[in-house]
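Thanks for passing this one along. Here are my notes, in the order I would walk through them with you at the screen.

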Amino acid sequence: MSSTDDHSLCGCSQCCVSTSHAAVLSVGAEISITPEPAQLAPGDNVTLLVRGLSGEELAYTWYAGPTLSLSYLVASYIVSTGDETPGPAHTGREAVRPDGSLDIQGLLPGHSGTYILQTLNRQLQTEVGYGHMQVYETLAQPTVLANATELVERRDTLRLLCSSPSPAEVRWFFNGDALPVAVRLGLSPDGRTLTRHSVRREEAGAYQCEVRNPVSVSRSEPLNLTVYFGPERVAIVQDSTTRTGCTIKVDFNTSLTLWCTSRSCPEPEYVWAFNGRALENGRDHLNISGMAAAQEGTYTCIAKNPKTLLSGSASVVVKLSAAAISMMIVPVPTKPEEGQDVTLTVQGYPKDLLVYAWYRGPASEPNRLLSQLPSGNWIAGPAHTGREVGFANCSLLVQKLNLTDAGRYMLKTVTVQGKTDTLELELQVAHGTAFLPSDTGVYLYK
């Protein structure tokens with residue numbers, strides 16, 4: 001059926017009918033036409049009820065179109081005989097009642113449009129009534145289309161389109177609820193397009209659109225949107241306590257675990273560094289076991305987001321506690337045998353060391369001097385056998401032990417401030433299980 005706009009229905013001097021796009025027929029000056037029921041869907045049956053007739057009508061003529069044109073003629077009806085004559089616009093579903101009303105069975109969307117009733121009375125005068133009927137279709141499920149479903153916060157623009165083949169009212173839903181007011185501000189005038197510039201993380205979630213008319217409602221499947229952000233607030237945590245920017249004191253030979261935390265989507269990639277040197281650790285935590293002086297320093301965690309290409313870092317300083325700073329000599333291994341190497345490891349040596357010296361016996365006897373390291377230079381003393389090696393951390397390596405290497409060893413250290421400390425160790429050397437050469441060239445045998 002053809003339809004017309006509001007202005008084209010005011011075309012005759014007898015009546016001027018105002019119409020609307022709701023499913024209510026327009027009312028004429030004398031004749032009113034009302035659909036029953038008022039809201040119509042395809043397949044429904046409807047009666048266009050006519051009121052305001054004089055009761056002296058001889059004939060009714062129905063038109064489905066904007067004008068009294070033969071091409072729009074549905075049917076003519078003679079009251080006295082009940083004869084109905086179909087016209088060119090008759091679809092086989094229309095029938096005129098004796099009271100002038102029009103029945104339509106099994107409505108189609110094409111039945112929407114303007115309807116005109118023309119009556120002829122006994123004085124051979126005609127009256128005309130106009131109306132409009134809307135058949136609302138059953139809406140198919142719409143689809144939400146997006147320019148992208150993975151966006152970067154404050155950088156990317158979000159555009160969502162509610163795709164539906166039918167004209168209908170559109171509503172949007174976010175995580176199952178009506179779209180927030182702030183987000184609704186990005187809707188186009190027809191409500192079908194949602195635009196958000198510099199998308200925020202709060203706008204990540206499930207989006208749906210719903211189309212509706214007076215007889216049908218249909219909602220789309222959810223479209224999930226991810227918004228990447230961060231890393232932010234990168235911090236180093238120890239035992240649930242934030243330690244970023246702090247100094248952590250650790251007892252000697254104890255363990256410490258540092259955790260790197262941040263706010264980020266997705267979870268960032270982690271890199272740890274010690275005193276500026278990268279460590280082979282790609283996890284969110286770092287274990288420091290057997291704390292010693294060599295592990296003192298600055299630990300840094302760097303968090304990198306592979307999606308936003310942003311990064312952040314945090315650092316802590318780890319030091320031995322005061323109780324662990326006092327020096328001590330520990331042989332490694334603790335019970336060396338003949339033929340083995342042993343390292344006299346110095347724990348807690350002063351950081352401001354100026355010079356140290358090792359002695360094979362009392363430090364007061366110069367001829368007992370094994371070696372010393374003044375200002376980084378190695379010097380062998382009278383007691384040096386060629387098997388001893390000193391290190392910058394004050395430790396002493398004795399290679400290929402023999403039984404004569406057992407006995408007292410003494411270490412003397414001097415700091416830049418002139419502080420002097422002396423340590424001593426009684427080294428035990430166990431009998432070996434093989435032939436070993438002695439310093440004199442005589443093979444010893446157990």
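The points below go from the whole chain down to single residues and ring pairs.

1. **What kind of model this is.** Before anything else, keep in mind that this is a predicted model.

2. **The chain as a whole.** The chain has 37 strands and two helices. Of its 446 residues, 43% are buried. The exposed surface comes to about 22700 Å², and carbon and sulfur atoms supply 51% of that area. If you take the contacts between residues at least 6 apart in sequence, 56% of them join residues at least 24 apart.

3. **A three-stranded sheet to look at.** Have a look at the open sheet whose strands run in the order β10-β12-β15, with antiparallel pairing. Its edge strands are β10 (143–146) and β15 (193–196), each of which pairs on one side only. From one strand to the next, the twist averages 15 degrees. For the pairing of β12 (residues 158–163) with β15, count four bridges, in the antiparallel sense.

4. **Two cis peptide bonds.** One joins E36 and P37, with omega at about 5 degrees. P37 sits in the loop between β1 (32–36) and β2 (46–51). Another cis bond joins C265 and P266, and here omega is about 0 degrees. You'll find P266 in the loop between β21 (256–265) and β22 (269–274).

5. **Two positive phi values.** Most residues other than glycine have a negative phi. L124 has a positive one, near 55 degrees, and C394 has a positive one too, near 80 degrees. L124 belongs to the loop between β8 (113–121) and β9 (126–133), while C394 is in the loop between β32 (388–390) and β33 (396–398).

6. **N305 and what surrounds it.** N305 is in the loop between β25 (297–304) and β26 (311–320). Its relative accessible area is 2%, so N305 counts as buried. The side chain of N305 reaches the backbone nitrogen of K307 at 2.8 Å. Setting aside neighbours within four places in sequence, the residues in contact with N305 include F229, G230, P231 and L310. Also among them are S264, C265, P266 and P268, and the C265–P266 pair is the one joined by a cis bond in point 4.

7. **T415 in its strand.** What does T415 touch, once residues up to four places away in sequence are not counted? The list is P350, D352, L353 and L354. T415 itself is part of strand β34 (residues 407–415). At 5% relative accessibility T415 is buried, because anything under 20% gets that label.

8. **Aromatic pairs.** Searching the whole structure turns up three aromatic pairs. In one of them, the ring centres of Y60 and Y77 are 6.0 Å apart and the planes meet at 20 degrees, so this pair is stacked. Y60 is in strand β3 (residues 57–64) and Y77 in strand β4 (residues 73–78), so to speak a link between distant parts of the chain, 17 residues apart. Both tyrosines, Y60 and Y77, are buried.

9. **A tilted pair.** F174 and Y207 form another pair, with ring centres 4.9 Å apart; their planes are at 50 degrees, so the pair is tilted. F174 lies in strand β13 (residues 169–174) and Y207 in strand β16 (residues 205–213), so the pair ties together parts 33 residues apart in sequence. F174 counts as buried at 13% relative accessibility, and so does Y207 at 1%.

How values were computed
Residues numbered from 1 in each chain as written. Predicted model: local features only at pLDDT ≥ 70, side-chain atom pairs only at ≥ 80, totals over all residues. Heavy atoms only, no water. Pairing = 2+ DSSP bridges. Axes fitted to C-alpha atoms, helices over the stretch in contact; angles between N-to-C directions. Buried < 20%, exposed > 50% of the residue type's maximum accessible area, 1.4 Å probe, protein only. Contact = heavy atoms within 4.5 Å. Areas by Shrake-Rupley, 256 points an atom, 1.4 Å probe, with all protein chains shown as cover. Polar contact = N/O pair within 3.5 Å; in protein donor to acceptor, adjacent residues only side chain to side chain. Phe/Tyr/Trp six-rings, centres within 6.5 Å; stacked < 30°, edge-to-face > 60°.
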